[in-house]
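Here is a friendly walk through one protein model, with the sequence and structure alongside for you to follow.

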Amino acid sequence: MADPARKQNAANDDSSPLYREAPGNIEAEQALLGAVLVNNDAFYRVSDFLKPEHFYEPLHRQIFEVAGQQIRMGKTSNPVTIKTFLPADEKVGDITVAQYLARLAAEAVTIINAEDYGRAIYDLAIRRALIGIGEDMVNIAFDAPVEMPPGEQIEDAERRLFELAETGRYDGGFQPFNDALRTAIDMANEAYMREGKLSGISTGLKTLDAKMGGLQRSDLIVLAGRPGMGKTSLATNVAANIAAAYRGEQQADGSMKAVDGGVVGFYSLEMSAEQLATRILSEVSEVSSSKIRRGEITEAEFEQLVTTSNQIQRMPLYIDQTGGISIAQLAARARRLKRQRGLDVMIVDYIQLMSGSSKNSGNRVQEITEITTGLKALGKELNVPIIALSQLSRQVESREDKRPQLSDLRESGSIEQDADVVLFVFREEYYIQNMEPRRSPEDFRNDIKNEEYIAWEEKMNKVAGTADVIIAKQRHGPTGTARLSFVPQFTRFGDLAEDDHVPEQYE
């Protein structure tokens, strides 16, 4: 038998040295290659998951690669046509490569078994990759290089393990247009079949979904606003809506796929998990969050809170409240969450509270660039939409028109460039409320209103309980404004009633 097979037999010899070889199955590789050389259709049974680098024996990698190239070109691949592209004079044990190819074809298995052999070869390659990651972890930990502290080693190992777990998705390289076209048609079909006719994940706000088509996978969506506008409230509303609507469907491989809604990962760098939970509880139960904090709720309201908590406690919403997290740490935790629990939408509150790597410390613009670029890359890697909250600069307050613009984004260059969608939360009510004309105590007691006060009151009535979500940038769709309702005491956004007046500029 050929030399590759003798390697396998030597491992079973009692006189051989006591050491462990990397797992490999030479006989399975020989059987599969023989099947491919005898019947080229066998190649298509394994080509979608099996690559040349998965073979243990270097010569087998060459044979599989050359055979694959010939078959994809529409040519016949057999021992005669393939030997021209291999080192024919090279010896395999006591026979030449040409003779070895003939022997592979002679001892071929049937095409029916080809996929089983391919799976066995693939599984052994994954095990070898696991061994390689483990060896690297041990060696790096022993060496303790100064430029790679333990935390960074852990993040690197997690990244490599995640990539290995998701093998086949991040191989990179070119993709045939036909494959991309098929994916686009599948997405259109899913949108047609899905309730709401959305191509993305519904935010639970119909007005916003109509403008955006839902949250699109791999998109980086920047949600920005000045303090008091309600950007965190909108993020928690969307998170709760998506998690509450979650309905999963088990796939053939045992994994769960979201049919409606999704699993949400919420990274809160500003608020604690308890504060976020209180907000969501207030939004859903319609009990004022300030009353909950002060303990001023009635018995009926407490019962309402208990009932609501029982309803929403099983929502697939996961909160990480670590402050000052770096983009590398966030990416490692997101990969872990997706691997263990699943992940369909990710929310980061907020960009300016994150940190970059040590190499960019001291240069905030470069640090923000690293963070936004990292978030965009992470969204593509995990194939999930990422909603990242951001602050706006104070220059908004110095203008007469307080409606935000793209140039108001702090460190706007990288944020505006990397984002697929930029949303601004704007509540005119907030600014008009602060412009209330002063009245004397006597006028207040007698409810006397001058012309200035009456004009202010009319303005307030027009904008009270409303909020604008301005779509300032949308890479795959139109810009515009979605007008929503806003209930301050419950920090809840919603769709305006159909009979509510919507000014012509918002239609």
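Is Tyr44 buried, partly exposed or exposed? With a relative accessible area of 48%, Tyr44 is partly exposed: the cut-off for exposed is over 50%, and buried means under 20%. Please keep in mind that this is a predicted model.

## Aromatic pairs

Tyr44 has a ring partner in Phe43: the ring centres are 5.7 Å apart and the planes stand at 75°, so the pair is edge-to-face. Phe43 itself is buried, at 2% relative accessible area. Ring pairs also bring in Phe55 and Phe64, making a cluster with Phe43 and Tyr44.

The structure holds seven aromatic pairs. Another of them joins Tyr430 and Tyr431, whose ring centres lie 5.4 Å apart; their planes meet at 90°, so this pair is edge-to-face. Tyr430 is partly exposed at 28% relative accessibility, whereas Tyr431 is buried at 11%. If you are looking at rings, turn to Phe49 as well: the charged end of Arg119 sits over the Phe49 ring, 3.8 Å from its centre.

Nine strands make up an open sheet with mixed pairing, in the order 7-6-8-9-3-10-11-12-13. Strand 7 (317-320) and strand 13 (492-495) are at the edges; each has a single partner strand, so one side of each has no neighbour in the sheet. On average, neighbouring strands are turned by 25° against each other, direction ignored.

Val487 stands opposite Arg492 of strand 13. The hairpin formed by these two strands has four residues between them, and Thr491 takes a positive phi near 45° there.

## Helices on the sheet

Helix 11 (residues 231-244) packs on the sheet and touches several strands, including strand 3 (220-224), strand 6 (264-268) and strand 8 (345-349). The direction of helix 11 makes about 155° with that of strand 6. Helix 15 (residues 327-340) lies across strand 6, strand 7 and strand 8, and also runs at about 155° to strand 6.

## Helix 16

How far apart are the end C-alpha atoms of helix 16 (residues 364-382)? They are 27 Å apart, which agrees with the 27 Å that its 19 residues should span at 1.5 Å a residue.

Buried residues of helix 16 include Ile368, Ile371, Thr372, Leu375, Leu378, Gly379 and Leu382. An α-helix has 3.6 residues a turn, so residues three or four places apart point the same way. Just after helix 16, Asn383 takes a positive phi of about 60°.

Notes. Residues numbered from 1 in each chain as written. Predicted model: local features only at pLDDT ≥ 70, side-chain atom pairs only at ≥ 80, totals over all residues. Heavy atoms only, no water. Pairing = 2+ DSSP bridges. Axes fitted to C-alpha atoms, helices over the stretch in contact; angles between N-to-C directions. Contact = heavy atoms within 4.5 Å. Expected span 1.5 Å × (residues − 1). Buried < 20%, exposed > 50% of the residue type's maximum accessible area, 1.4 Å probe, protein only. Phe/Tyr/Trp six-rings, centres within 6.5 Å; stacked < 30°, edge-to-face > 60°. Lys NZ or Arg CZ within 6 Å of the ring centre and 35° of its normal.
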